[in-house]
Amino acid sequence: MMNKSILVVSGLTMDFGGIRALDRLDLDVGPKEIVALIGPNGAGKTTFFNCLTGIYLPSDGDIRLVSPQTGRGSRLNGLKPNKITKKGVARTFQNIRLFSQMTVLENVMIGRHCRTSSLIMGAILRTRKTRKEEQETIDKSYDILEKVGLSEQANEFASSLSYGAQRRLEIGRALATEPFLLLLDEPAAGMNPQETADLVTLILQIRDEGHAILLIEHDMKLVMTLSDRIFVMDYGKKIAQGTPAEIRVNRAVIKAYLGEDVGPDNA
Amino acid sequence: MDYFIELFCSGLTRGSIYALIALGYTMVYGIIGLINFAHGEIYMIGAFTSFIVATVLSIYGFPLAAIVVVAGVAAAIWSSAYGYTVEKIAYKPLRHAPRLAPLISAIGMSILLQNYVLLAQTSDFLPFPELIPEFAFMEPIAHIIGSSDIVILLTTTVVMLALTFLIKFTRIGKAMRATAQDRTMALLVGINVDRVISATFIIGSALAAIGGLLIASHIGQINFAIGFIAGIKAFTAAVLGGIVYSGSCSGEPDSGPDRKFCHRLYFQ
Amino acid sequence: MITVKEVKRSLLVSLWFVFLTFPLMVIKVNPYERTVSWRWSNMVYVAIGTFVISLLAKAWFVRKERRMARQQDSCHARIPIIQRILQRPGYRYPLAAFLLGAVLAFPHLFSTYQANIMTTALMYIVLGLGLNIVVGVAGLLDLGYVAFYAVGAYSYALLNLHFGLGFWTVLPVGGLLAALFGVLLGFPVLRLRGDYLAIVTLGFGEIIRLILENWNAFSKGPSGISNIPRPGFFGLEMSLDQAMIYMYYLMIGLLLVTIFVVNRLQDSRLGRAWLALREDEIACQAMGIDKTRTKLIAFSLGAFWAGLIGVIFAAKTTFVNPASFTFMESAIILSIVVLGGMGSIVGVILGALILVLLPEYLRALSEYRMLAFGAILVAMMIFKPEGLIANVRRIYCYQGRKSNTALKNDE
Ligand SMILES: Nc1ncnc2c1ncn2[C@@H]1O[C@H](COP(=O)(O)OP(=O)(O)OP(=O)(O)O)[C@@H](O)[C@H]1O
Ligand SMILES: [Mg+2]
């Protein structure tokens with residue numbers, strides 16, 4: 001298991017002044033695996049994502065990424081966010097961060113940025129290479145929109161989308177960067193049951209296409225149906241890990257979520 | 001050595017005045033996260049108002065003490081009124097606008113106010129009446145530190161102590177600190193955020209007016225453009241001293257002198 | 001539409017302004033002769049003026065609110081008329097042809113003096129387009145843009161003075177030097193947050209001006225450098241009038257090139273990245289965009305254009321001194337961008353024409369010019385933050401597999 005993992009985090013620690021938001025956290029994700037990261041509010045889940053994607057610089061610990069294609073490993077600590085994305089890790093944000101004054105399609109096209117290369121001269125002269133690249137960007141972005149079910153709204157402003165659609169667009173935008181590891185921060189937050197069901201289908205489809213997924217979610221039903229493995233955090237520490245079935249009956253988890261005296265059947 | 005001390009004193013004097021102006025920047029920045037480009041102009045208007053009032057009173061033959069008090073009060077009142085109005089017109093409608101909007105509006109306000117004073121008054125340099133007399137008891141050390149330096153240092157110290165008290169112990173001060181930390185939360189716990197922001201502008205402007213009066217009488221002349229340069233200097237000082245609200249205003253006992261020292265280092 | 005309540009409110013506003021402007025508008029002292037003049041008439045003007053403005057502003061906001069409400073009902077964004085015309089190719093080309101004809105014939109229809117003013121306006125359009133990349137598209141508030149303009153102007157003046165280099169040689173050199181300055185300044189500064197960037201660039205502009213003013217050995221100080229040659233045309237001798245007209249056509253050429261280039265840049269991978277950067281830097285980085293590099297490119301490209309126009313400015317006036325490069329100049333160029341509509345090329349052109357030509361033709365009002373600038377900046381932000389012409393997003397066409405399969409099905 002360990003030697004096949006594409007992401008191995010060991011001893012990750014993050015301090016904000018006096019607050020220790022992450023405390024020697026270990027976690028690993030295998031290829032094509034859906035791993036869920038759960039925990040009460042303020043447990044440090046988003047902080048963990050921010051450390052992974054280079055938005056925060058971890059105080060201590062090690063993040064290693066192994067590309068499934070080349071099999072080469074690299075250390076992510078201290079890399080800039082854009083470098084990490086280029087290495088194949090993409091994310092969505094808990095509080096949606098779309099480019100609201102750009103169209104839906106353009107949002108996805110931005111995701112293609114790190115897989116394309118034309119610069120000033122290409123743009124001014126519109127060389128054949130640039131034109132080809134541009135058309136490719138458009139086509140691939142359309143394909144992605146089709147996949148997340150937004151191709152109808154391709155030319156509307158991102159801000160005009162419904163909440164659920166915005167979350168799907170965020171996933172599409174992340175997919176456009178061609179990641180092999182996709183980090184989803186509460187993708188089902190604010191969705192109605194129908195939208196959530198669609199989301200489950202979408203996530204499974206993305207996995208089947210070969211992406212590994214690390215997922216933060218408070219919707220336990222979704223977590224239990226989707227994940228291969230679950231990591232549970234509280235106060236920055238990992239308190240449990242295992243398959244959904246194991247987590248369901250884990251006393252530490254139940255305690256963290258519901259307090260001391262609640263029986264296991266309430267989880 | 002004397003020269004150095006003299007330089008030190010004059011630096012300290014000017015630094016402490018700029019600190020008064022800089023406080024206005026920091027307070028506003030702390031509360032609404034905006035560089036109030038028009039703040040330098042508020043200071044200039046303070047200087048102009050005190051100039052006008054002081055000159056009129058002296059023409060009508062009032063005693064010096066009355067002139068100083070009335071001119072200072074008038075400057076503070078009108079500067080505050082301008083600060084309040086500027087916020088209401090140029091910043092309040094833009095609270096939820098994109099990031100650049102209030103900044104550009106602030107630059108516009110700065111240009112507007114400058115040219116308003118230019119057109120309403122004059123573009124010439126005007127001689128500012130000498131409001132602070134040479135005290136006789138200062139005679140022996142007059143070559144090191146002048147009377148006006150002493151008065152300025154005393155005034156700024158008193159004003160800063162008063163501000164510290166206000167921020168730390170009064171209701172409005174508490175509300176201001178709360179708003180600076182988290183405006184939405186402050187709103188949720190029932191703080192009238194609009195009022196707090198207005199109060200911030202009023203207090204900051206009054207400080208600038210006092211600074212304007214002091215500098216003008218220290219240098220001896222004023223002009224419509226003094227606000228721009230002073231604004232830049234004070235802003236730089238505010239950045240050097242740390243623009244974070246709590247650091248400069250929450251009243252840590254050492255923040256005053258520290259701040260002044262920064263200014264001094266920068267302006268000498 | 002206007003209720004009694006609003007009239008009352010406006011009355012209060014006007015009373016407040018009477019109080020506010022009292023010392024500065026009414027009293028005027030002469031400290032030398034020790035006289036005071038009380039200008040009570042000003043008070044009346046202020047009262048009436050603010051009353052009217054307050055009513056108008058209120059009416060405008062009411063209208064805007066109603067329109068927003070209607071828009072939400074109908075779900076259709078209202079596209080301004082100019083844009084609707086520009087969007088239709090049927091209108092676009094004849095319009096462009098007409099404009100081009102008018103522009104080319106201009107110096108022959110009007111006097112050289114008019115052509116000269118027009119040249120100035122054209123220069124500001126190009127400056128505006130350059131700054132538009134930085135502020136409008138990439139969202140970097142650059143308040144020291146004039147510094148790069150100065151670099152261009154002084155590089156022509158100095159290179160010509162010391163090495164006798166001609167206009168056409170220095171034109172690219174000036175641009176590149178300015179771009180280099182842009183990189184040098186941008187590299188440390190672009191990491192800063194927006195408002196810090198504003199203040200640092202502002203300081204940079206002032207520093208450049210102060211250097212030019214005080215370093216006599218280098219730049220000849222405040223007296224400036226004169227006798228800068230006008231641009232040559234294959235060694236042809238030209239009269240002053242001809243030189244002016246030549247300058248005009250040169251600017252038209254440069255403007256067309258600029259529009260072409262800026263248009264293509266905006267509509268490219270880079271242009272999209274700039275826009276995205278303007279909206280959300282963190283999301284941008286998470287999408288794999290190198291923040292610093294992308295900003296730096298925008299910053300130095302903007303500087304490049306300022307440098308070009310600087311060279312042209314030196315050649316046009318044949319004289320440069322530091323007084324031409326004050327903060328006000330930066331402010332004017334910025335207001336062109338803001339007034340026109342950030343990110344919109346047509347908007348910038350309109351903005352420049354309005355801000356440069358209006359004061360030119362309304363000489364009587366010229367002393368109110370800067371006052372109006374300030375007022376316009378504020379009013380624009382309050383009433384129409386998107387500018388005269390809002391930028392519309394392009395619609396891209398899908399040509400990938402779907403259409404191919406559709407074709408195959410047809411066969
Ligand atoms: N930039 C920061 N500075 C200081 N403290 C922070 C910062 N970011 C997060 N924290 C703290 O770290 C802790 C973990 O926050 P985090 O956002 O990671 O929680 P979370 O598990 O994502 O919660 P939720 O389920 O509500 O999203 C919290 O106590 C938070 O206050
Ligand atoms: Mg979170």
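Analyst: Let's go with helix α3 of chain A, whose buried residues are A:Val104, A:Leu105, A:Glu106, A:Asn107, A:Val108, A:Met109, A:Ile110 and A:Gly111. Buried here means under 20% relative accessible area, while exposed is over 50% and partly exposed is in between (1.4 Å probe, protein chains only). This is a predicted model, where local features need pLDDT of at least 70, side-chain atom pairs count only at pLDDT 80 or more, and totals for chains, interfaces and linings use all residues. Residues are numbered from 1 along each chain as its sequence is written, chains are lettered from A and ligands numbered from 1 in the order in which they are written, and side-chain values use heavy atoms, with hydrogens and water left out.

α3 runs over residues 104-111 of chain A, and eight of its eight residues are buried. Helices are DSSP runs of H or I with at least four residues, strands are runs of E with at least two, and both are numbered from the N terminus. So what sits over α3? The cover on its buried residues includes α5 (128-148) and α6 (163-175) of chain A, along with α11 (269-279) of chain C.

Now for the chain around it. Chain A has 10 helices and 10 strands, and 56% of its 267 residues count as buried. Its domain assignment gives domain 1 (1-88 + 179-267) and domain 2 (98-177); such bounds come from an automatic or database domain assignment. The C-alpha centres of these two domains of chain A lie 27 Å apart. Across the divide, 19 residues of domain 1 of chain A are in contact with 13 residues of domain 2 of chain A, where contact means heavy atoms within 4.5 Å. The C-alpha atoms of chain A fill a box of roughly 70 × 40 × 35 Å along the principal axes.

A:Asn50 has a relative accessible area of 10%, so it counts as buried. Setting aside neighbours within four places in sequence, A:Asn50 is in contact with A:Ile55, A:Tyr56 and A:Arg91.
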